[in-house]
Amino acid sequence: MMKNVALITGASSGLGKEFARIHASRGGDLVLVARREAELNVFKEELQGKNNVNVLILPFDLTAPDAVEKIVNEIDAKGIQVDMLINNAGFGGYGNFHERELNRELEMIRLNVEALTKLTHYLLPQMLKRNEGYILNVASVAGFMPGPLQSVYFATKAYVVSFTQGVAAEISGSGVRISALCPGPVHTGFENAAGLGGGNLFKGAAKASKTALIGYNGMLRGKLLIFNQRSFQFLINWIAPLVPRKFLAKTVMKMQRLK
Ligand SMILES: NC(=O)c1ccc[n+]([C@@H]2O[C@H](COP(=O)([O-])OP(=O)(O)OC[C@H]3O[C@@H](n4cnc5c(N)ncnc54)[C@H](OP(=O)(O)O)[C@@H]3O)[C@@H](O)[C@H]2O)c1
């Protein structure tokens, strides 16, 4: 029987792996979702070698229409109770929206928005019934501003922030907590997957292990919005709201431009 279970999406790389390492180091069992099965199997060995925990691997492409249903059916069939849902899988993509491949943008929306929404919709009612549980949605500082040259990515993260704040208000007073982690640039596989490699944006990027720990601990404290750097927290809370969005867009475009 699995106990103290965290279901983590995007657990084959970057922040997802770090969330899994933290949870396992505290004795919690894991359900790990990502596409790369071989990578997940190697990681499972690492986690079980270092900690006395159970790890279930579910190698699914979360952009497939029925992936979330299959995941939920599998955990239900195995009688697994998910105590913590970490909606972490996501990717970005660099370029002018009109020049990018539409399918890639739609896949991004299916992963960053739809899969996160579906998993929350399946698992939140069970948590509310038990009156306990945690959900951590990985958003970004990108969720607070328009993002030219990554317009769809920034918009998906704005959804994650708004969705999390909305649901948090609906369930306040219950024993369930929902949080959004809003990191600035972090060293992971993200930069290359987004086609941002070599840009200035990631020069002072944060460490994935530290960012994940801030997120994990913030979630356990029931913090609604979790930032990994004080400077970003200050900018987002006190400066960005005072700057006209048009100007903010121009600044973000300059920061993101690769050439
Ligand atoms: N790194 C940053 O600078 C940064 C900043 C703010 C927010 N974030 C957010 O942090 C989260 C984690 O990203 P990361 O930085 O750790 O990047 P990463 O190293 O590229 O990890 C992304 C994870 O998502 C999984 N994934 C991608 N497409 C998938 C799909 N179709 N189905 C299932 N899983 C999929 C990947 O696994 P597979 O390839 O095996 O499927 C991988 O495990 C994302 O939501 C990202 O937007 C990152």
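Biologist: How many of the residues of strand S5 (residues 133-138) are buried?
Modeller: This is a predicted model, and the answer is read from it. Strand S5 is mostly covered. The buried count is 6 of its 6 residues.

Biologist: Which residues of S5 point one way, and which the other way?
Modeller: In a regular strand, side chains alternate between the two faces of the sheet. In S5, Tyr134, Leu136 and Val138 point one way, and residues on both sides are buried. The other way point Gly133, Ile135 and Asn137.

Biologist: In which sense do strand S4 (residues 82-87) and S5 pair, and which residue of S5 does isoleucine 86 stand opposite?
Modeller: S4 and S5 share 4 bridges. Their pairing is in the parallel sense. Opposite isoleucine 86 stands leucine 136.

Biologist: What is the hand of the β-α-β unit made by S4, helix H4 (residues 102-130) and S5?
Modeller: The unit is built from S4, then H4, then S5. Its hand is right-handed.

Biologist: Over how many bridges do S5 and strand S6 (residues 176-182) pair?
Modeller: S5 and S6 pair in the parallel sense.

Biologist: Through which helix does the chain cross from S5 to S6?
Modeller: This β-α-β crossover is right-handed. The path from S5 to S6 runs through residues 151-171, helix H5.

Biologist: Which residues come nearest to the ligand?
Modeller: There are 29 residues around the ligand. Those that come nearest are Gly10, Gly14, Arg35, Gly90 and Gly189.

Biologist: Which elements give two or more residues to the shell around the ligand, and which gives the largest share?
Modeller: Helix H1 (14-25) and helix H6 (190-193) each give two or more. The largest share is 3 residues. That share comes from H1.

Biologist: How many residues of the shell around the ligand are charged?
Modeller: By class, the shell holds 13 nonpolar and 12 polar residues. The charged residues number 4.

Biologist: What radius of gyration does the chain have, against that of a compact globule?
Modeller: The chain has 9 helices and 9 strands. Its C-alpha atoms fill a box of roughly 55 × 40 × 35 Å along the principal axes. With 259 residues, a compact globule would come near 18 Å, and the chain agrees, at 18 Å.

Biologist: What share of contacts between residues at least 6 apart in sequence joins residues at least 24 apart?
Modeller: Buried residues make up 41% of the 259 residues in the chain. For those contacts, the share joining residues at least 24 apart is 68%.

Biologist: Is valine 82 buried or exposed?
Modeller: Valine 82 lies in strand S4. Beyond four places in sequence, valine 82 is in contact with Val5, Leu7, Val31, Ile75 and Leu123. Valine 82 has 20 C-beta neighbours inside 10 Å, so it counts as buried.

Biologist: Where is leucine 119, and which residues does it touch?
Modeller: Leucine 119 is found in helix H4. Leucine 119 is buried because 25 other C-beta atoms lie within 10 Å. Valine 72, 47 residues away in sequence, is 8.1 Å away C-alpha to C-alpha. Not counting residues up to four places away, leucine 119 touches Val68, Leu85 and Asn87.

Biologist: How far apart in space are leucine 196 and arginine 257?
Modeller: Leucine 196 sits in the loop between H6 and strand S8 (206-207). Leucine 196 is buried, with 20 other C-beta atoms within 10 Å. In sequence, leucine 196 and arginine 257 are 61 residues apart. In space, C-alpha to C-alpha, the separation is 9.1 Å.

Biologist: Asparagine 131 has a positive phi although it is not a glycine; is asparagine 131 buried or exposed?
Modeller: The phi of asparagine 131 is about 60 degrees. Asparagine 131 is found in the loop between H4 and S5. With 9 other C-beta atoms within 10 Å, asparagine 131 is exposed.

Biologist: Leucine 149 also has a positive phi; is leucine 149 buried or exposed?
Modeller: The phi of leucine 149 is about 80 degrees, although leucine 149 is not a glycine. Leucine 149 lies in the loop between S5 and H5. Leucine 149 has 22 C-beta neighbours inside 10 Å and therefore counts as buried.

Note on methods: Residues are numbered from 1 along each chain as its sequence is written. This is a predicted model: local features need pLDDT of at least 70, side-chain atom pairs count only at pLDDT 80 or more; totals for chains, interfaces and linings use all residues. A residue is buried if 20 or more other C-beta atoms lie within 10 Å of its own, exposed if 12 or fewer, and partly exposed in between; C-beta atoms are placed from the backbone. Two strands pair if DSSP finds at least two bridges between them. A crossover is right-handed if, with the strands pointing away from the viewer, the path from the first strand over the helix to the second runs clockwise. A residue is near a molecule or strand if its C-beta atom, placed from the backbone, lies within 6 Å of it. Ala, Val, Leu, Ile, Met, Phe, Trp, Tyr, Cys and Pro count as nonpolar, Asp, Glu, Lys and Arg as charged, and the others, Gly among them, as polar. The radius of gyration is taken over C-alpha atoms; the globule rule is 2.2 Å times the number of residues to the power 0.38. Two residues are in contact if their C-beta atoms, placed from the backbone, lie within 7 Å.
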